[in-house]
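I am opening this notebook to keep track of what I looked up, entry by entry, for someone who has not seen this structure before.

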Amino acid sequence: MPQTFAQQVYAIVAQIPQGKVISYGQIAAMIGNPRGARQVGWAMRCCPEDLPWQRVVMADGSIAGGGCAELRRALLEAEGVTFRPDRRVDMAQHGWL
C-alpha cells in the first residue's frame with residue numbers, strides 16, 4: 001500500500017540526524033514534489049511528537065512555527081545547532097544532505 005504524502009514526510013523527518021536541519025522544500029523534492037514545500041508545512045503541523053520536528057526549517061534557515069519558534073530554537077541549540085547573528089540556522093554548517 002503506498003504511503004500518504006504526510007507519511008512520506010514523516011519517514012524523512014525520522015532520519016534527520018541530531019545537529020542537522022533540512023528545509024521544507026528539500027523534503028518536498030525528496031518526495032518527488034519539488035514545489036510542495038507548503039504541503040510539507042501542513043504535514044508538519046500534525047507531526048507525531050516522537051519525531052525531531054524541530055529539525056525542519058525554512059530554506060534560508062529561518063525558524064517557522066509561530067508560538068513554537070523559541071522552543072524550536074532552544075531544542076536545536078541543545079543539539080549543537082548554531083545560529084547566525086540574524087537568528088537563522090547556519091545552513092552551510094548544519095544542513096542535512
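Entry one, the segment after helix 5. I began with Leu97, which counts as exposed because its relative accessibility is 71%, over the 50% that the word requires. I placed Leu97 in the segment after helix 5, and I kept in mind that the model is a predicted one. I then looked up the backbone of Leu97 and found phi near 75 degrees, a positive value in a residue other than glycine. I noted as background that most residues other than glycine have a negative phi.

Entry two, a loop residue. I turned to Arg87, whose phi is also near 75 degrees and positive, although the residue is not glycine. Arg87 sits in the loop between helix 4 (69–78) and helix 5 (91–94), and with a relative accessible area of 44% I recorded Arg87 as partly exposed.

Which residues of helix 1 are buried? Within residues 5–13, I found that Val9, Tyr10, Ile12 and Val13 are buried. These four lie on the same side of helix 1, because they cover an arc of only 160 degrees around the axis. I wrote beside this that an α-helix has 3.6 residues a turn, so residues three or four places apart point the same way. What do the buried residues of helix 1 pack against? I listed helix 2 (24–31), helix 3 (37–44) and strand 2 (56–57) as their partners.

Is Ser23 buried or exposed? I found Ser23 in strand 1 (residues 22–23), and Ser23 is buried, because its relative accessible area is 4%, where buried means under 20%. Leaving aside neighbours within four places in sequence, I listed Val56, Val57, Met58 and Ala59 as the contacts of Ser23.

Methods: Residues numbered from 1 in each chain as written. Predicted model: local features only at pLDDT ≥ 70, side-chain atom pairs only at ≥ 80, totals over all residues. Heavy atoms only, no water. Buried < 20%, exposed > 50% of the residue type's maximum accessible area, 1.4 Å probe, protein only. Arc of directions from axis to C-beta. Contact = heavy atoms within 4.5 Å.
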